[in-house]
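Me: Can you go through a structure with me? I would like to talk about its pockets and its surface.

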Amino acid sequence: MLRSFEFTDQWVVAAPAAAVADVLTDLAQYPRWWPQVRAVARLGPETAWVRCRSSLPYTLDLVLD
C-alpha cells in the first residue's frame, strides 16, 4: 500500500534566505530547536539518520541525504 504525505504549512522567517538555508542544512542542530527531532547521527558526508517523535505514538527513523 503506497501512501503519501504532503506538507502544507508555510513559515515566514525574518532572516536572509542564506541564513535560513544554513540552519536547515545543519541537521546535527535540529534537536536544539525542533522538539520533535529526538536524535541525529551522521552516516556520511551528505547523509544523516534522524529520529522524530511527535504526539502520535510512532517514532520515525529517517535517512536524509
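The chat below covers pockets, a surface patch and a salt bridge.

Me: What should I know before starting?
Reply: This is a predicted model, where local features need pLDDT of at least 70, side-chain atom pairs count only at pLDDT 80 or more, and totals for chains, interfaces and linings use all residues. Residues are numbered from 1 along each chain as its sequence is written, and side-chain values use heavy atoms, with hydrogens and water left out.

Me: OK, how much space lies in the largest pocket?
Reply: About 920 Å³. A pocket is an open set of points on a 1 Å grid over the protein atoms alone, where a 1.4 Å probe fits, with protein on both sides within 12 Å along at least five of seven lines. The volume is the space filled by probe spheres set on the points.

Me: What about the second largest pocket, what volume does it have?
Reply: About 260 Å³. Thr-25, Leu-27, Arg-42, Glu-46 and Ala-48 are the closest to its centre among 13 lining residues.

Me: Which element gives the largest share of that lining?
Reply: Strand E1 (37-44), with three residues. Strands here are DSSP runs (E, at least two residues), numbered from the N terminus.

Me: Changing topic: which residues make the nonpolar surface patch?
Reply: Trp-11, Val-13, Val-23, Leu-24, Trp-33 and Trp-34, over about 600 Å². Patch residues have over 30% relative accessible area and no salt bridge, and nonpolar side chains are joined within 5 Å. Areas come from the Shrake-Rupley method with a 1.4 Å probe.

Me: Is Trp-11 buried or exposed?
Reply: Exposed, at 62% relative accessible area. Buried means under 20%, exposed over 50%, and partly exposed in between.

Me: How many salt bridges are there?
Reply: One. Asp-61 pairs with Arg-51, and their closest N and O atoms are 2.9 Å apart. The rule asks for a side-chain nitrogen of Lys or Arg within 4 Å of a carboxyl oxygen of Asp or Glu.

Me: What does the pair tie together?
Reply: Asp-61 is in strand E3 and Arg-51 in strand E2, so the bridge links parts ten residues apart in sequence. Asp-61 is partly exposed at 43%, and Arg-51 is partly exposed at 34%.

Terms used. On a 1 Å grid over the protein atoms alone, a cavity is a set of points where a 1.4 Å probe fits but cannot get out, and a pocket is an open set with protein on both sides within 12 Å along at least five of seven lines; lining residues have an atom within 4 Å of a point. Helices (H or I, at least four residues) and strands (E, at least two) are DSSP runs, numbered from the N terminus. Patches are made of residues with over 30% relative accessible area and no salt bridge: like charges are joined within 9 Å, nonpolar side chains (Val, Leu, Ile, Met, Phe, Trp, Tyr) within 5 Å. Buried means under 20% relative accessible area, exposed over 50%, partly exposed in between (1.4 Å probe, protein chains only).
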